[in-house]
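Hi,

Here is the structure I said I would pass on. Have a look at it first, and then read on for what turned up.

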Amino acid sequence: MDRIQDFIRGIPKAELHMHIEGCIEPDLMFALAQRNGVPLPWESPETLRAAYQFNNLQSFLNLYFEGCKVLVKKQDFYDVTYAYLQRAHADNVVRAELFIGPQTFLEKGIPLSDLMEGVLGAFRDAERALGGISAGLIISTHRHRSEADALHLLDLITPWKEHIIGIGMGGAELPNPPSKFARFFAACRERGFRTCIHAGEEGPSDYVRQAVEDLQVDRIDHGIACASDAALVAVLVARRTPLTVCPVSNVKLGVVPSLEAHPLRDLLDAGLVVTINSDDPPYFGAYINENFLRCQAALGLDFGQITVLARNSIAASFLDEQARRALLSRVDAYCAEF
């Protein structure tokens, strides 16, 4: 058992589903709150940690957006992003593709330039200082807002287009089906962006189908509801559409009753391009290696399946083909040496 745990900790991997706003550790949240004079509804980092008990996605989002209030200045966005990249590097993440949702901050009057320069500055500095990790930014829109709002954001981010690897969408799935945003995703594709969307987390399998067929996205974030529809699974396998699955998050939000009941292994066995990710690790108590370790223990994953999951994560990234091949060769070299 120790040997496969060591294998998991050391294997090069990509993280494709992690929200920068959802990666504020409690101590950092309180430090940023003090720096910016932002009152928090918790007395201490300890009472904040104790509040990490969620009944569903919305109960989590309520706390998540409360935490977003401490991100006010360029340095705040830098600090949170850099702290995550340091932590991911320790888990042997070689590629991180991270979400941020600017609409939360724009409505508070925070300049988009502060957000973008803070995050991208952390990317540059981490890539130089840490070595062996690269980062890409995915702009996430909110599905509880209107399509017009999403299209407006698409215009606003134009000055940073060359620094954005993709456009995504998150937030409460119900009652906001992917088809509501068909024109927006068509506009994203027309402007040359790769695309992804949260679908099939709390929403039904039909939301995954809409994402693939109506929106023609490159990746599905979560997507586990597809397990109830064999025909849809066959479509995803045929199209090689990756799923960025977040197993511990799914348990913490009540999407599945336990890791033992999680469909991850079944989806992997079906031939889907499944990846493991941490989503919002401080809130759910598990960064990426911990997600791998818990899934291995709960589902009995073997060395071959762990290797497939690591390779999937890199193959599913928005890197170009040459960069993907280089990282896949690192996985293969690690496995051969191990």
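Tyr 64 and Tyr 283 are both buried. Bear in mind that this is a predicted model. A search of the whole structure turns up 17 aromatic pairs, and these two tyrosines make one of them: a tilted pair, with 6.5 Å from centre to centre and 55° between the planes. The pair ties together distant parts of the chain, since Tyr 64 belongs to helix α4 (residues 57–68) and Tyr 283 to helix α14 (residues 281–284), 219 residues apart. Both tyrosines also belong to one aromatic cluster, together with Tyr 52, Phe 54, Phe 60, Phe 65 and Phe 284.

Another pair worth a look is Phe 77 with Phe 105, which is edge-to-face: 5.0 Å centre to centre and 85° between the planes. Here too, distant parts of the chain are linked, with Phe 77 in helix α5 (residues 74–90) and Phe 105 in helix α6 (residues 103–106), 28 residues apart. Phe 77 and Phe 105 are both buried.

Tyr 64 leads on to His 19. Leaving aside neighbours within four places in sequence, His 19 is in contact with Tyr 64, Phe 99, His 198, Asp 279 and Asp 280. You will find His 19 in the loop between β1 (13–15) and α2 (26–36). Is His 19 buried or exposed? Its relative accessibility is 9%, so it counts as buried, the cut-off being under 20%.

His 19 also comes up in the UniProt record: the unreviewed entry has a "binding site" annotation covering His 17, His 19, His 198 and Asp 279. These residues are spread over 263 residues of sequence, yet they cluster in space, the largest C-alpha distance being 12.0 Å. His 17, His 19, His 198 and Asp 279 are also included in the lining of the largest cavity.

Next, two charges over rings. The charged end of Lys 13 sits over the ring of Phe 292, 5.9 Å from the ring centre. In the other case, the charged end of Arg 219 sits over the ring of Phe 318, at 3.8 Å from its centre.

What does Arg 219 contact, leaving aside its neighbours within four places in sequence? Its contacts include Leu 16, Glu 97, Ile 138, Thr 195, Cys 196, Ile 197, Thr 241 and Pro 242, as well as Phe 318.

Last, helix α9 (residues 182–190). Its buried residues are Phe 184, Phe 185, Ala 187 and Cys 188. Viewed down the axis of α9, they fall within an arc of 155°, so they line one face of the helix. In general, an α-helix has 3.6 residues a turn, so residues three or four places apart point the same way. On the face of α9 turned away from the buried side are the exposed residues Arg 183 and Glu 190. The cover over the buried residues of α9 includes β3 (134–142), α8 (147–156), β4 (164–170) and β5 (194–199). Just after α9, Gly 192 takes a positive phi of about 90°.

Cheers

Conventions. Residues numbered from 1 in each chain as written. Predicted model: local features only at pLDDT ≥ 70, side-chain atom pairs only at ≥ 80, totals over all residues. Heavy atoms only, no water. Phe/Tyr/Trp six-rings, centres within 6.5 Å; stacked < 30°, edge-to-face > 60°. Helix = DSSP H or I, 4+ residues; strand = E, 2+ residues; numbered from the N terminus. Buried < 20%, exposed > 50% of the residue type's maximum accessible area, 1.4 Å probe, protein only. Lys NZ or Arg CZ within 6 Å of the ring centre and 35° of its normal. Arc of directions from axis to C-beta. Contact = heavy atoms within 4.5 Å. UniProt positions renumbered as here; feature names shortened; annotations may be inferred. 1 Å grid on protein atoms, 1.4 Å probe; cavity = no way out; pocket = protein on both sides within 12 Å on 5 of 7 lines; lining within 4 Å.
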